[in-house]
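Visitor: I would like to learn how to read some features of a structure. Please put it on display and take them one by one.

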Amino acid sequence: MSKLTKNQKLVADKVEAGKAYSLQEAAALVKEITTTKFEASVDIDVRLGVDPRKANQMVRGVVSLPNGTGKVTRVLALCTPDQEEAAKEAGADYVGLDEYIDKIKQGWADVDVIITMPSCMGKLGPLGRFLGPRGLMPNPKSGTVTMDVAKAVKEVKQGKIDFKVDKAGIIHASIGKVTFTPEQIYGNAKEFLQTIIKLKPAAAKGTYMKSIFISSTMSAGIKVDPKSVE
């Protein structure tokens, strides 16, 4: 049997195998078992009792994390001239329309979120094959296609994220950094999970939240008791 490394022993001493911790306990533990020298992200994985292949069981939504994401989110606002100034004041990193569409056509995608207006979507349609796989295509359901571009920019900058269940029935999201306090991690995780609970499809039968794990970049996962959230 191979000998445990110093970091593996730390995890083994801190996290009891098979035990499901309360959300509050997990929020504190994830900081204790993180040993990376860089500022690691705190991630959450939720397995749902849904069949994503069925339209009436798709779970998708947005949530504003009360303590932000801890990340610098680069936002491109594609809007008409009358909204440009407001978008800039709201914190958009790039603002414009045709010039940025031309840049995207040439392969530029140095942003994290693109926000636009319904009237501009016709120009973005041909870019779907490029933006879609990168998760950059604006969508009304995620709040990135809106008449109030400035408001959407501000919300994203303050910690608004969108999420979607994958083909395996799992939702993955980053909810902060390990430099956050346990209370901040707990607050973000609770808000995220409560939002998922509110989005439970009527067609979903049986156990809705099957499992929840919290981890940081490269750390072991900490099992969370779903009952501590509901």
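Guide: Strands (E, at least two residues) and helices (H or I, at least four) are DSSP runs, numbered from the N terminus. The model is predicted, so local features need pLDDT of at least 70 and side-chain atom pairs count only at pLDDT 80 or more, while totals for chains, interfaces and linings use all residues. Residues are numbered from 1 along each chain as its sequence is written, and side-chain values use heavy atoms, leaving out hydrogens and water.

Visitor: In which sense do β3 and β4 pair, and over how many bridges?

Guide: Two strands pair if DSSP finds at least two bridges between them. Here β3 (residues 75–78) and β4 have three bridges in the parallel sense.

Visitor: What packs on the sheet?

Guide: Helix α4 (residues 98–105) does, and it touches β3, β4 and β5. Contact means heavy atoms within 4.5 Å. The direction of α4 makes about 115 degrees with that of β4; axes are lines fitted to C-alpha atoms, for helices over the stretch in contact, and angles run from 0 to 180 degrees between N-to-C directions.

Visitor: What is the strand order of the open sheet?

Guide: The order is β4-β3-β5, with parallel pairing.

Visitor: Which residues have the most contacts inside the largest nonpolar core?

Guide: A nonpolar core is a set of buried Ala, Val, Leu, Ile, Met, Phe, Trp, Tyr and Cys residues joined through side-chain atoms within 4.5 Å. Buried means under 20% relative accessible area, exposed over 50%, and partly exposed in between (1.4 Å probe, protein chains only). The largest core has 38 residues, and those with the most contacts inside it include Ile44, Phe192 and Ile214. Apart from it lies another core of 29 residues, including Cys79 and Leu127.

Visitor: Is Lys31 buried or partly exposed?

Guide: Lys31, in helix α2, is partly exposed because its relative accessible area is 29%. The Lys31 side chain reaches the backbone oxygen of Val178 at 2.6 Å. By contrast, Lys160 in strand β6 counts as buried because its relative accessibility is 17%.

How values were computed. A polar contact is a pair of N or O atoms within 3.5 Å; within protein, one must be able to donate a hydrogen and the other to accept it, and residues adjacent in sequence count only if both atoms are side-chain atoms.
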